[in-house]
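Please look at the sequence and the model together while reading this report.

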Amino acid sequence: MPYEFFPRPRNERLPMEYYCDPERVVFLTVRATENCSPFATVRRLLESAEGERPSPDMFETTFNHPLCRSVLNLLQEAKEIYGCYVLVACLMPDHMHWLARPRTTQANVLTMHDRFKGKSTNKSWTLGHRGRLWQPRSHDHVLREEESVMAVAEYILNNPVRKGYVKQWQDWPYSVRWDLLL
């Protein structure tokens with residue numbers, strides 16, 4: 001059964017101990033600042049018939065490659081500095097999803113996440129972006145025991161497929177699988 005995403009009320013933070021528990025995997029979603037797609041401009045070329053799933057040839061995507069590469073490099077750097085695993089991540093034109101967990105009880109996924117957002121915003125300014133890069137809050141979800149890490153990882157990696165940008169996740173240049181063991 002595919003993973004289903006159930007949102008929590010806005011601005012509700014998880015209990016702090018969840019971010020420091022090496023047994024818990026946190027699903028994070030952070031959106032670009034309001035009305036902004038800093039990572040890529042996507043233009044729909046064709047309209048699909050009602051109810052038809054969009055196909056990749058219906059879109060023209062122009063990436064901000066330097067910013068996208070920098071964001072993923074900074075996430076990889078943050079996971080090492082702050083002692084966390086990042087299992088998978090997917091950077092979309094206006095948001096980013098990733099799965100993370102601390103390596104030890106001294107590590108904190110939320111600290112890594114906050115420092116990453118700050119550093120990537122600072123880097124974006126050197127690449128010509130103006131203003132905030134990310135919205136102040138993120139949506140965080142701790143996987144429950146009955147949730148499959150693999151199913152959630154597939155959900156994240158297949159985000160560009162569901163949007164119709166590519167046919168398979170491996171074709172999306174800004175999806176990564178770093179610490180996920182298969």
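## Strand 1 and its neighbours

In this predicted model, valine 30 has methionine 96 of strand 5 as its bridge partner. Strand 1 and strand 5 pair in the antiparallel sense over six bridges, where two strands pair if DSSP finds at least two bridges between them. Strand 1 also pairs with strand 6 in the antiparallel sense, over four bridges, and here leucine 28 stands opposite aspartate 140 of strand 6. Five of the six residues of strand 1 are buried, so that the strand is mostly covered; buried means under 20% relative accessible area, exposed over 50%, and partly exposed in between, with a 1.4 Å probe and protein chains only.

Residues are numbered from 1 along each chain as its sequence is written. Because the model is predicted, local features need pLDDT of at least 70 and side-chain atom pairs count only at pLDDT 80 or more, while totals for chains, interfaces and linings use all residues, and side-chain values use heavy atoms, with hydrogens and water left out.

The five strands form an open sheet in the order 6-1-5-4-7, with antiparallel pairing. Strand 6 and strand 7 (175–177) are its edge strands, each pairing on one side only. Strands, like helices, are DSSP runs numbered from the N terminus (E, at least two residues, for strands; H or I, at least four residues, for helices). Strand 4 (residues 84–91) and strand 5 (residues 95–102) pair in the antiparallel sense over seven bridges, and valine 88 stands opposite leucine 99 of strand 5.

## A histidine in an edge strand

Is histidine 141 buried or exposed? Histidine 141 lies in strand 6 (residues 139–142) and counts as buried because its relative accessibility is 10%. The side chain of histidine 141 makes a polar contact with the side chain of glutamate 147, at 3.1 Å. A polar contact is a pair of N or O atoms within 3.5 Å; within protein, one must be able to donate a hydrogen and the other to accept it, and residues adjacent in sequence count only if both atoms are side-chain atoms.

## Helices across the sheet

Helix 1 (residues 65–81) lies across strand 4, strand 5 and strand 7, running at about 165° to strand 4. Helix 3 (residues 149–157) lies across strand 1, strand 4, strand 5 and strand 7, at about 35° to strand 4. Contact means heavy atoms within 4.5 Å, and angles run from 0 to 180 degrees between N-to-C directions, with axes fitted to C-alpha atoms, for helices over the stretch in contact.
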